[in-house]
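Hi there,

Here is the structure I promised to pass on to you. Have a look at it first, and then read on for what turned up in it.

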Amino acid sequence: MNVLDIKLKKIDKIYKPGNLVSGNVVINSKDDMSHSGVTLIVEGIVQLQLSSKSVGLFEAFYNSLKPITLMHYTINVTNGGGKFLAGVTELPFEFKLEPLPGQQLYDTYHGVFVNIQYSIRCEVKRGILSKDLSKNIEFIVEVPVSNVQKTPEEVHFKITPDSLVNFKKISKSEVPNFRISGKLSTAVCNINEAFQGDLVIEQADTVIKSIELQLVRVETCGCADGYARELTEIQNIQVADGDLWRNFKIPLYMIFPRLFTCVSTAGKTFKIEFEVNLVIMLEDGHLITENFPIKLIRN
Amino acid sequence: MSSPTPSTPQQQQPQYLLNPKKNFKSKTLSGREVDRHPLNTITPKDEKTKQSSLTSNTSVKTEQEKEQEYNSSINPLSDTNNNNAFFDPLSKENEKKHDPLSDTIASMGGLKLIKENHLTNYVDENFMPWDTLKPSILQQYTSDESTPIQVSFMSTGISGKVKIPINRLNKILEELEQEKEETKSAQLSQPDIIMDLETLHSELLKAWNAEERVRSLKIAIQTAKLLTDTSLIKFYPSKFVIATEILDTFGNLVYDRIKKRLQTTKDNKNNEHLLKEQAKETCRNWFYKIASIRELLPRLFVEISILKCYEFIQGDSNTEPKIVINRISEMIRGIGNPLVANYIRAYLTRRSFDLCPEYKKFIIQLLKDFVFTQKSMENSKYLENTLQMYRITLTDYMGLYSPSLEWLLQCLAHKTTPETLEEVLSLFRESKNSLLLNHIISSFPPDYICSNSTMFSNFIKDADSLSYPKYQLYSTFGVNLVLGHPPKTQILSILNEVWKVVTNFENIKDYISVAEVFIEYVLTHCSIKETDIFLKDILRHIIPDKGYESIQSHLQSIVLKIFTHISDFSVLVSLPNFLPLLDLFNGESQKQISRSTLEALSSSNTITSDPILINTFLTYGKALHDSLNSLSFQDEVRQVTNLVINCINKIDFGRDVEKQLNFYVECRQTFINFDGVKNRLVYGVIEICEKTLALVKGKHTPKTTSFIRACVAYCFITIPSIDDIFLKMNLYLVASSVALQNQALSQADALLKAAITFIQEIPPILEFKQVKSTEDWTISYISSFISLLVVAPGHPENGPFYLVKALHKVIKEYTWESGSTAKAKIFIQLLALCSSWSQQQLPYHIDKVESNDQLFTEDPEFTTELTELYNSLIKEILSELNNLKDEPDNLTQKKVCNICIDLINMLLNVGELNSKTASLIFNLYNMAKKIVPPTSGESVYLKNTLSYIGSLADSKMCQDIYNKINSSS
């Protein structure tokens, strides 16, 4: 049994553009092992995909959905073939994180329709008789955002029956009387910090069952000619359980999940954006929703 | 060698003859006063033993016996109590609190160990730790009061292993597997919930040990979810206790694991930084995972459970402890159910203690939130609906908040600044929330309460009566006043202030609950006079309409408190309002109170003859006596008996022996069913006889003579009423000796006669725990009896042999065990008696009592009858031997051998050696020799006897026997 592994120096595997990525290729072998070269392939790719419902519609700009290669290196870790002695062999490597010319690095992101992924693949060629060894690992790229507003601006909101649009199945007169006010600390959120704000039920005639914050990602693929915009829920957390006391200020607090979020990103053929929905569930089953588009940044 | 009774030639058969000139030194036993009993190695502390030795200057024998009896029957424990070396096997158990169960628990999940690691040094002994609080919560808050809550993984629980029904186990496991957010389960019963929690706990440990972290987290979430459900609302606080115990376990496991990974060992010194980063990353991962829990309550509970882990990732954004705690406390507002919210507040305060114990400000905020919700609740329909939904009273519902609020305030008040206290008080001033006030009073330092007592008493007046009953507030207040030190000048004004309100309470139960607390205040801080006034007020309230009947337990506790504070019983009796209070009890509580009264009386250290006190004693003693019957537990009867005896010991009229006797008469009447007490009474009467004898210096006046007769009559009447035959027999013997000593001859005779008739009632064997033969006791008793008979003068009409013959007959008819030589042994003793009587002068005398030597010695009829008795006794012994000698049993053979040798020795000592006696001795010797086992005590005995015969050289007959025996063998 020969085991091949790639170990990065940074335990969290997070790198910024321009950083040196260094690590070791680790080969653990019981017996002496001959090989004809160890290669590392470093790749950064944006993969786009359409949801089934939009496939037919947008075939016209199918081209714009081709994967975009952001970076691609091939590094030879050894000079040609050779022989590894039995035991653990560590082969150091290092490369600079830089995009291909004309490209730009984006945050690592795993979405449904957009995937931005960076990986290192190591391949050990071993002649004809033995199977080649290969190992693939992912590393994370975080791109700092430079143009950040200095003072975050609070976003105030007020929800009343009058502010509602998009009634489904009920007429406006049936809407119970309520007045909800609150604010967000900012709509431009640092991804490492939480989404914060507060909320007060000033008045409500019905019993509130639950209040939830819904984090939604908005993935857009395509170009100016046509595009597909897909909304998916990432996370839904409750901020109030049961009938809230009136005039009792409760905090809105939500931590951004690590893997499913990235800074708000826009490329030529794709866009990743986020929104937060404040959902107030009433006991009779009706929902009151308020939508807040937010921008995620990192500093 | 001249015989005083010359054998007449007409006699066909030679007789066994008594030797009337034995070298007895006639001696009268003389006593001297002693301070302590020679057999008693420890100086007696008890008054009563001293007392009894004071009177002993006449007959040592009686005294000794009496004292022995005294010590053994009355207070068998007194010696051991005085003894310092006395070893209590239980106390050792207490010292080493090594609980094998906790060991198993520790080895199973390391629960105990983990907990100890997490104790902070911040708290001191004034702080009541959560672990102490837990059991009382579990006890109080249950929806099913018949079965106590038992949880295996908590130190309060008992059983080590809990069996979880397999179907429930599966159900829970399924729920864990399902990713579904909502699992609507049917309403569960309390045991079901406890069982679920048990399962969760064991599954948690299992998952953790199997390194299944995600599953562990799921279990923790599942546990927290159970706290959303308030359907069994009365059980909720207990459920909280059990569930948070699991969450604690989870939190501690997570914390300890990360901590362990952060500790550098030698091996990983090189990549220390790397490992630390790794550990931090793990920690962050936990928090990220928890932050994405959908539901609010489980998210909060689980985050709080690992709150301490924030210390590992200090430096990250939003991890500063105070910010975290503030955030969580605000987020708790999102919990709609006020009860659930308040418990999670308590949990936050508890766990934040581990992270930063000094931080208290947030608790004020939590309290503000609490007050806010309470106010909102009162203003909305919520309260009404809730009470209706759960079918619970307002007081009960509010009571459910108690443990959580108590914990909040305790954490806040511990080591806090006066400013903080002031802030809390202002919170009350705004809200007037009486539930809050109650816990403010109970958790603030008692001395703070005391020094601001007027303020607090005004607070209580101001508090709304909605959320918590006023009387409870006063009770809590009272407890603090007792514990603290109110300023001397204010003691009475506080009391008056409080009582102005309390005395007007309409509900008698409310009133007495407060009184129950404040009696202690009065007892601690005020004088006896105030206590009496206080009692008077209580009486004024409870006497009308027989109100006292419904509040017995409260009254009982009041009385007990009085007893603990005032140990001098005579002071108590002097209070005009105390005894009326005692009269108000009935049924079981009357029994309890009577008992407590007697206990108080018996533990007071004054000897008294106060008639009120005696009356009290007799009244409550009677009540206690009447409450027990033949169905009562023996142990209880024994305890009460000892109690009564101790009380009797406290009452002494000194020289007024007549009053003492009257007292004993009353006691007998009162405690007619207690053998032990009657036993003590008889000894008491005997004691006053001795006392009287000492007072008149041995010479009775006509007046004292009749008094003595009254005393002996008392004994004569009392003794037969005792059921215990052994006590009875001993008493007869002692009583008759004392009667003889006091020259009450005919009464002594009657007592002896009674004793003889009762001998046949001694059971041959006792069956108590194990079967035991009474033979030894009987033999020694009868021997003592015979030795008393030596001086007992013969009956003037029935003749000198009346008693002896009666005794003889009783012994013959007594059903001895088969194979027993007891009869023969006693007859040998009787031979000795015959010998004594045949002497010119008896071996001892009782002062002023003419014994048989003075009455009959010169009487030839007496001598003849004596010889006849002597002969018939020997014959009977021989026939007894004859009966037994064919018994094959070894033990019997041994006994027979002993009897033979005993008889030889007795004959040598008391008999005059004539040919008949000599041949008898020779035959007995041969018989003994035949059956004696070669190497045994008996063979030595036989040898010694033989050499004794040889040593009696002055007697030719002896020499002959000796030679004959030697030659025959």
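Before we start, one term: two strands pair if DSSP finds at least two bridges between them. Please also keep in mind that this is a predicted model.

Strand β13 of chain A (residues 178-184) and strand β15 of chain A (residues 194-204) pair in the antiparallel sense, over 7 bridges. To find one of these contacts on your screen, look for A:Ser181, whose bridge partner in β15(A) is A:Val200. β13(A) also pairs with strand β12 of chain A (residues 155-159), again in the antiparallel sense, this time over 5 bridges. There, A:Leu184 of β13(A) stands opposite A:Val155.

Which residues of β13(A) lie on the covered face, and which on the uncovered one? The covered face holds A:Phe178, A:Ile180, A:Gly182 and A:Leu184, while A:Arg179, A:Ser181 and A:Lys183 make up the uncovered face.

Stepping back to the whole of chain A, you will count 21 strands and 0 helices. Of its 299 residues, 27% count as buried. If you take the contacts in chain A between residues at least 6 apart in sequence, 71% of them join residues at least 24 apart.

Next, where the two chains meet. Here 24 residues of chain B are in contact with 24 residues of chain A. On the chain B side, the elements that give two or more residues are α12 (272-291), α13 (296-305), α14 (321-331) and α16 (361-379) of chain B. Which of them gives the most? That is α12(B), with 6 residues. Sorted by class, this side of chain B has 8 nonpolar, 9 polar and 7 charged residues.

Finally, a word on confidence. The model scores ipTM 0.87 and pTM 0.65. Chain B averages a pLDDT of 78, and 81% of its residues score at least 70. Two stretches to treat with care are residues 24-29 of chain B, where the pLDDT is below 50, and residues 156-161 of chain B, where the pLDDT is below 50 too.

Enjoy exploring!

Best wishes

Definitions and conventions
Residues are numbered from 1 along each chain as its sequence is written. Chains are lettered from A and ligands numbered from 1 in the order in which they are written. This is a predicted model: local features need pLDDT of at least 70, side-chain atom pairs count only at pLDDT 80 or more; totals for chains, interfaces and linings use all residues. Two residues are in contact if their C-beta atoms, placed from the backbone, lie within 7 Å. Helices (H or I, at least four residues) and strands (E, at least two) are DSSP runs, numbered from the N terminus. Ala, Val, Leu, Ile, Met, Phe, Trp, Tyr, Cys and Pro count as nonpolar, Asp, Glu, Lys and Arg as charged, and the others, Gly among them, as polar. A residue is buried if 20 or more other C-beta atoms lie within 10 Å of its own, exposed if 12 or fewer, and partly exposed in between; C-beta atoms are placed from the backbone. pLDDT is the predictor's confidence in each residue, from 0 to 100.
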